[in-house]
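This report describes a protein structure for a reader who is new to the subject. Look at the sequence and the model first, then read on.

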Amino acid sequence: MQEMTYRDALRQCIIEEMDADPEVFVMGEDIGRYQGTFRVTQGLFEKYGGDRIIDTPIVEPGFTGIAIGAAMTGLRPIVEMMTMSFSILALDQIINHAAKIHYMTGGQASVPLVVRGPGGAANQLSAQHSHSIEGWYAHVPGLKVVAPATAEDAYGMLRTAIRDNNPVIFTENPGLYSIKGEVNIGEGVSVLFGKARIAREGTDITLVAYSRMVHVSLAAAEKLAEEGISCEVVDVRSLLPLDTETIFNSVRKTHRAAVVYEDWKSGGFGSEIASRINENCFDDLDAPVGRVGGLNVPMPYTRNLELECIPNDSDVIDAIRKLI
Amino acid sequence: MAKPAHINKQESPANLEKYYRQMLEIRAFETRCNQIYRSGKAGGYLHVYIGMEALAVGWINSIKVGYDYVITAYRDHAQPLLMGSDPVKLFAEIMGRKDGYSQGKGGSMHIYDLERNFFGGWGIVGGHTPLGAGLAFAAKYRKEDRVTICYLGDGASNAGVFFETLNMAALWNLPVIFIIENNEFAMGTRLEYHAADTELYKRGLPFGIKSERVDGMDVLQAKEDAQRIVDWVRTNQKPYIVEIMSYRFAGHGAADNDRQLYRTREEEIENEKRDPIARLEKFMKSNNIMTEEKMEAIREEIEDWADAKLEEADKSPFPDVQDVYDHVYTDMEPEKGH
């Protein structure tokens with residue numbers, strides 16, 4: 001075990017995978033000579049050179065398409081999006097091409113591609129750099145979509161993503177890059193997709209969250225514990241595939257649930273989770289499933305407005321009080 | 001302008017017969033595709049290659065089939081047919097049958113035969129061009145001397161992603177040949193109404209990509225151009241653009257019965273005089289390479305061949321309904337049910 005930041009855990013995994021497999025490479029904007037906007041790829045250009053750490057022009061559709069074509073021959077590209085907001089430009093390549101190739105070819109071709117990068121609000125990046133669009137991707141059959149909340153999961157899930165033969169959207173909330181955690185590193189360490197994690201055990205209500213909202217939910221749970229309210233926090237980790245069994249089992253134990261997500265509340269992935277709980281656990285519920293999501297507005301620039309948009313522990317506590 | 005077409009008399013009689021047979025096979029195959037569409041055995045969209053056969057024959061005969069990479073858009077039956085794909089499996093895919101290359105999941109617009117490095121088969125105009133560059137990227141990454149041929153239409157030459165791709169292909173010296181099949185129409189919009197500069201080969205000039213415009217209605221010319229350019233790209237490891245002047249005799253797609261909304265019958269008749277098959281027949285006859293009787297025998301033989309392949313494909317069942325869940329992922333099933 002080693003203490004490291006979420007950012008360093010990602011880099012550590014990339015290094016180990018590039019060392020293990022010469023067919024793994026990284027491409028994206030400013031990932032090489034500039035060392036990466038969020039420094040995940042820091043030092044890699046010096047270590048591997050420009051043939052494997054490939055600086056691209058600022059053209060997401062083009063370079064994502066090139067990575068997909070390369071992946072169809074068996075190469076294993078890791079495409080870094082400078083922010084997931086920019087991956088919107090590449091939606092055609094990701095959704096119309098990567099996600100459907102295995103199906104359209106009747107299983108002849110596969111796309112072992114990872115598209116990773118920061119998704120969600122950072123500090124005052126405003127409307128066009130702050131999207132949480134993992135829910136859009138989790139809508140698409142053929143993609144896998146993950147959103148690790150801890151350094152340990154960042155390391156273990158990136159390994160699984162790189163070795164996966166399907167296209168994986170790997171979203172990293174920029175607010176997580178500097179958090180630290182104990183990480184068990186090494187060749188055999190990975191975190192499989194489709195298995196949620198109980199981040200905190202509790203008995204009165206289940207909070208379902210992923211990525212940075214896991215930490216917000218844990219903070220809320222901590223405060224409510226002082227009042228004697230016991231929250232169970234389920235870290236979804238993997239949106240597609242989604243481990244509904246762990247979520248449902250928790251709800252059947254606590255009989256109440258709220259979903260916490262940074263994405264726009266309306267139509268965000270939390271709505272999907274809430275629907276599934278309703279469909280499957282209706283008889284177990286003592287209250288409607290609550291939702292705490294981002295405000296349905298474009299992300300504003302100024303700090304107090306930005307903070308208003310993103311759910312915080314007080315927002316979660318307010319929601320829980322209404323449900324208990 | 002297109003270079004003046006000429007006939008390369010260096011080709012052996014055996015090669016001439018081969019090209020003749022190949023063009024006839026494409027036409028016989030495509031004629032039946034139109035028929036099965038009209039009879040309701042094929043649905044969706046279906047785009048045939050009639051009139052453009054020389055573009056496929058000249059180029060596929062100039063690459064190392066099974067080694068080099070080939071990718072195209074939705075007008076995608078001719079290339080795999082030439083690359084040795086099973087015509088029964090091709091017909092079966094177009095009819096949505098279980099024995100098709102994608103077991104009925106792709107249809108006419110999404111033909112793939114990866115065993116032969118034929119990578120499709122794409123329905124988003126211009127969207128496949130970076131994939132073509134990606135195939136070339138893979139060859140370069142692995143230090144292999146494979147060449148990638150990426151076909152696109154004149155309509156796709158306007159796509160932004162194509163320009164992005166050209167920039168990276170030039171920047172990274174990717175061994176990819178972009179063949180702009182200029183059949184004069186982006187669906188039903190004539191070249192001069194969709195392209196500010198109708199000399200499409202110039203698309204590569206801002207990036208320093210070698211490019212030229214050639215005639216695509218003469219198979220021998222196409223073969224000569226193709227071999228020269230494929231060899232150059234393999235040796236020099238750089239991209240290349242070829243604009244090939246052609247004309248599709250059929251509509252954009254099989255459902256396109258109103259093609260005289262955007263062109264006249266007179267224009268069609270005038271262009272049909274450029275028919276690459278008739279042109280080769282004329283050349284072989286006037287040079288005493290093949291008699292009319294021999295040609296007629298070959299035509300009949302190929303018509304019979306196409307009938308037999310279609311008949312066999314028609315015996316293939318439709319997929320089981322449960323197969324709908326196969327091949328969404330390599331290692332797991334999607335959630336089931338409505």
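The text below goes through the sheets, the cores, the contact between the chains and the salt bridges of this predicted model.

Strands of a sheet pair through backbone hydrogen bonds, in either a parallel or an antiparallel way.

Chain A has an open sheet of 7 strands in the order β3-β2-β4-β5-β7-β6-β12, and its pairing is mixed. At its edges are β3 (53-55) and β12 (238-240) of chain A, each of which pairs on one side only. On average, neighbouring strands of this sheet are turned by 20° against each other, with direction ignored. Inside the order, strand β2 (residues 24-28) and strand β4 (residues 76-80) of chain A are joined in the parallel sense by 5 bridges. Along this pairing, A:M27 is placed opposite A:V79 in β4(A).

Another open sheet of chain A has 5 strands, in the order β9-β11-β10-β13-β14, again with mixed pairing. The edges are taken by β9 (197-200) and β14 of chain A; each has a single partner strand, so one side of each has no neighbour in the sheet.

How many residues of strand β13 (residues 257-264) of chain A are buried? The count is 7 of the 8, so the strand is largely enclosed by the rest of the structure. On one pairing, β13(A) runs parallel to strand β10 (residues 205-209) of chain A, with 4 bridges between them. On another, β13(A) pairs with strand β14 (residues 290-294) of chain A, also in the parallel sense and over 4 bridges. A:V260 takes part in both pairings: A:V260 is the bridge partner of A:A209, and A:V292 in β14(A) is the bridge partner of A:V260. A:V259 stands opposite A:R291 in β14(A).

**Nonpolar cores and a buried helix**

The largest nonpolar core contains 90 residues, and among those with the most contacts inside it are A:M27, A:I247, B:F137 and B:F178. Helix α5 (residues 129-141) of chain B contributes the most to this core, giving 8 residues.

What does A:M27 touch, leaving out residues up to four places away in sequence? Its contacts include A:I54, A:F63, A:I78 and A:V79, as well as B:W172 of chain B.

In chain B, 7 of the 8 residues of helix α4 (residues 87-94) are buried, so this helix is largely enclosed by the rest of the structure. The buried residues of α4(B) include B:P87, B:L90, B:F91 and B:I94. Their cover includes α1 (13-38), α3 (78-82) and α11 (292-314) of chain B.

**Where the chains meet**

The contact between the chains involves 49 residues of chain A and 39 residues of chain B. The two chains bury about 3,600 Å² between them, 65% of it on carbon and sulfur atoms. On the side of chain A, the residues that lose the most area to chain B are A:I66, A:Y103 and A:M104, which together make up 21% of what that side buries. The rule finds 3 salt bridges across this interface.

**Salt bridges**

Over all chains, the count comes to 56 salt bridges.

| Pair | N to O distance |
|---|---|
| A:E172 and A:R116 | 2.6 Å |
| B:E335 and A:R276 | 2.7 Å |
| B:E301 and B:R21 | 2.8 Å |
| A:D286 and A:R256 | 4.0 Å |

A:E172 is in strand β7 (residues 168-172) and A:R116 in strand β5 (residues 114-118) of chain A, so the pair ties together parts 56 residues apart in sequence. A:E172 counts as buried at 0% relative accessibility, and A:R116 is buried with a relative accessible area of 1%.

B:E301 lies in helix α11 and B:R21 in helix α1 of chain B, so that pair ties together parts 280 residues apart in sequence. B:E301 is partly exposed, at 42% relative accessible area, and B:R21 is partly exposed at 22%.

A:D286 counts as exposed at 52% relative accessibility. Salt bridges also form a network that links A:E16, A:E17, A:R159, A:R163 and A:E187.

Key. Residues numbered from 1 in each chain as written. Chains lettered and ligands numbered in written order. Predicted model: local features only at pLDDT ≥ 70, side-chain atom pairs only at ≥ 80, totals over all residues. Heavy atoms only, no water. Core = buried A, V, L, I, M, F, W, Y, C linked by side-chain atoms within 4.5 Å. Buried < 20%, exposed > 50% of the residue type's maximum accessible area, 1.4 Å probe, protein only. Helix = DSSP H or I, 4+ residues; strand = E, 2+ residues; numbered from the N terminus. Contact = heavy atoms within 4.5 Å. Pairing = 2+ DSSP bridges. Axes fitted to C-alpha atoms, helices over the stretch in contact; angles between N-to-C directions. Buried area = accessible area lost by both parts, 1.4 Å probe. Salt bridge = Lys/Arg side-chain N within 4 Å of Asp/Glu carboxyl O.
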